[in-house]
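Hi,

Here is the structure I promised to pass on. Have a look at it first, then read my notes below.

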Amino acid sequence: MTEQRPSRPGRADFLAANRGGGMLTMLDQRGGAAFASLAWRLGLKPTHLTLLNLVLGLAASAGVIAYIPAARDGAPWWPVALAALVLWKIAYMLDCADGQLARVTKTGSEAGARVDILCDVAIQTSVVAVVVSVVDAYTPSVPAWAGAAFAALWMTNLVTAVMAKEDDGVSLVRSTSLAVRLIKLVRDYGFVIIVIALALLWPDAMAAVMLFFGAVNALFLLASIAAASRATLR
């Protein structure tokens, strides 16, 4: 029997079409459902939401990087940290919304999916640039290779997240217990951007944030390689 899309989809219909995620991402999915519902009423296409996500995400990151000299001269970080958090969060909700809108309205396409992934890469690259720029400004003793390794390992998180959307079998731990979900927060983008935004309030601590998430992604990369290798050698 052919699945029928709702003639007048509401927030619940869009939320039901989400692709899941960590504990914080699921909250962003709820915000995404509100944006998807509004976009449907306005006659927007999924790519409109994707591109708005790109603009807001890049604007937030560019604003933080541009503010660093002023902050070094004594300007307070909290207004920019708050603005970055709000913009990054809205951008991520829009990232959740475009997929929901595409699935509910049956307007998804391979081209749209490519735009979505490319925009994700662009925004997350800008977030990485924020972290590395703040570390370079406030903790210059951290070697350059650490920032380069952090940037490369961050992409591991993004690539494996994309893989997980296409194949549920790539998940290393499928348990949905509360303990496991809390542990998985360290790879939940909805959580990570909150941590980075809060770290702007104490910029000297950004180096610790960078090293922590770099180590998390390095361990996940090694675990993924081991799991995939074990599966092929059985």
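**What I found**

Let's start with a charged pair: Asp28 and Lys89 form a salt bridge, and their closest N and O atoms are 3.0 Å apart. Asp28 belongs to helix H2 (residues 23-42) and Lys89 to helix H4 (residues 78-105), so this pair ties together parts that are 61 residues apart in sequence. Keep in mind that this is a predicted model. The count of salt bridges comes to one.

Are the two partners buried or exposed? Buried means under 20% relative accessible area. Asp28 has 2%, so it counts as buried, and Lys89 has 13%, so it is buried as well.

Next, find Gly147, which sits in helix H6 (residues 144-166). Its relative accessibility is 10%, so Gly147 is buried too. Which residues does Gly147 touch, once you leave aside its neighbours within four places in sequence? They are Val132 and Met210.

Met210 is one of the buried residues in H9. Others buried there include Phe213, Gly214, Asn217 and Phe220.

Cheers

How values were computed
Residues are numbered from 1 along each chain as its sequence is written. This is a predicted model: local features need pLDDT of at least 70, side-chain atom pairs count only at pLDDT 80 or more; totals for chains, interfaces and linings use all residues. Side-chain values use heavy atoms; hydrogens and water are left out. Helices (H or I, at least four residues) and strands (E, at least two) are DSSP runs, numbered from the N terminus. Buried means under 20% relative accessible area, exposed over 50%, partly exposed in between (1.4 Å probe, protein chains only). Contact means heavy atoms within 4.5 Å. A salt bridge is a side-chain nitrogen of Lys or Arg within 4 Å of a carboxyl oxygen of Asp or Glu.
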